[in-house]
Amino acid sequence: MDPYDAILLLSFGGPEAPEEVMPFLRRVTAGRGIPDERLEEVGHHYHLFGGRSPINDQNRELLAALRAELDRRGIDTPLLWGNRNSEPFVADALREAREAGHRRVVTLTTSAYSCYSSCRQYREDLAAAMAELEADAEGTDGLEVDKVGQYAARPGFHRANLGRLVQSMRALDGAPDAEVALLFVTHSIPDTMDETSGPGDGDGNLYQRQHLALASSLTEEANGVLGRDLEGELVFCSRSGPPSQPWLEPDVNDRIEQLAADGVKHVVVAPIGFVSDHMEVAYDLDTEAAETAEKVGVQLVRVPTVGTDPVFVADLVDALEERAAEARGEAVPQFDGRRPSVCEVGCCPNLRAAKPALCGRDSAALAAGEPS
Ligand SMILES: CC1=C(CCC(=O)O)c2cc3nc(cc4[nH]c(cc5[nH]c(cc1n2)c(C)c5CCC(=O)O)c(CCC(=O)O)c4C)C(CCC(=O)O)=C3C
Ligand SMILES: [Fe+2]
């Protein structure tokens, strides 16, 4: 995939054994002011699943699916894997690239949307990993890292979500519209993180706007296919942080309770904010929200995330091929909501501290210690 000689799948990571839970949680929350009670509570969620998050296995499946699609297209570029919070860490992956003699790596993250947590923080992870390599005797050895733009608006992410939504909603054929609610779910983030998401000179709230755009077109298309007239809405899960800090609302559980009081009997829960059924889905939706629904006598139909849907996987490989074409100086397809593969200056800023971040127009300035 000229000019790239390796592809890096970059993800969040998760514990795979009980003794990895607390070290993982401490890594995730280092310096973030998450109350201890919240950490213990989240630790408990992981222990309910034997101390093993499903996320790494799901990423192994995604890697296999990407490999198969690359092979099918005759692309033999090696595919590496690195995580922010668990082994293999990003720096492990980049060292592997350096040792194999690779020079240009293109990164694909497991998060589709734009905000500090889901975009810039991964760019900071890449910068921190490069700094680690720099400290080795071999240095970075000329290694360069690029990234594919956030893909929330890409056609394959849209089509894979639509297919799964329509298929799940068929279970409710026969239930009248007045008894059905359609909830699109994503990770809550602090209001300030949403307000500052997107380019500094943009309108802000890009995180919410990307979700609302997808939710509204999925609602319209699912209604069309199923002959319904539902109003989809966006709700949030997995809030953390101190109660004094406003985060995006409504919470999925609160909304399910209100809907039940309004006479709704079936709630479709579509976690469009996530690309696999990891812990935020397995616990926050399939355990906690399912209990809420049961308590108030509502049927909860949970739509699967895109996972390794062939439509999604093929589109990710399209995105990689488009990124390579862009790096060769060729024109690439444009579409509504497309995010640049090189982030704008000040895009999705780190509100706590300015840190070096790769793959942005401000990367060089940040490396020199200037604020984003
Ligand atoms: C936007 C977003 C995504 C989606 C984009 C992406 O995928 O990157 C995401 C994904 C994930 N979040 C995950 C887990 C956690 N997130 C936490 C904390 C936080 N997440 C935040 C945001 C996001 N998080 C924020 C603003 C915080 C507050 C602290 C901070 O500013 O960092 C905490 C700390 C404890 C808690 O308070 O819950 C945990 C354990 C897992 C792994 C699941 C598994 O193990 O299967 C995944 C995929
Ligand atoms: Fe999170």
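Ala, Val, Leu, Ile, Met, Phe, Trp, Tyr, Cys and Pro are counted here as nonpolar, Asp, Glu, Lys and Arg as charged, and the others, Gly among them, as polar. The structure is a predicted model, in which local features need pLDDT of at least 70 and side-chain atom pairs count only at pLDDT 80 or more, whereas totals for chains, interfaces and linings use all residues. Residues are numbered from 1 along each chain as its sequence is written, and chains are lettered from A and ligands numbered from 1 in the order in which they are written.

By class, the shell around ligand 1 has ten nonpolar, twelve polar and three charged residues. In total 25 residues surround the ligand, and Gly14, Ser53, Ser240, His278 and Met279 are the closest; a residue is taken as near if its C-beta atom, placed from the backbone, lies within 6 Å of the molecule. At least two residues of this shell come from each of helix H1 (18–29), H2, H5 and helix H10 (279–282), with H1 giving the largest share, three residues. Helices (H or I, at least four residues) are DSSP runs numbered from the N terminus.

The domain assignment, which is automatic or taken from a database, gives domain 1 (6–151 + 309–367) and domain 2 (155–302). Their C-alpha centres lie 25 Å apart, and the contact between them takes 34 residues from domain 1 and 32 residues from domain 2, two residues being in contact if their C-beta atoms, placed from the backbone, lie within 7 Å. On the side of domain 1 that touches domain 2, H12 gives the most, with five residues, and the classes there are 19 nonpolar, ten polar and five charged residues. The shell around ligand 1 likewise draws at least three residues from each domain.

A nonpolar core is defined as a set of buried Ala, Val, Leu, Ile, Met, Phe, Trp, Tyr and Cys residues joined through C-beta atoms within 7 Å, where buried denotes 20 or more other C-beta atoms within 10 Å of the residue's own, exposed 12 or fewer, and partly exposed a count in between, with C-beta atoms placed from the backbone. The largest such core has 87 residues, and Leu126, Leu183 and Leu320 are among those with the most contacts inside it; at least three of its residues come from each domain. Apart from this core lies another, of eight residues, including Phe24, Val42, Met279 and Tyr283.

Gly200, placed in the loop between helix H7 (191–195) and helix H8 (206–226), is partly exposed because 14 other C-beta atoms lie within 10 Å.
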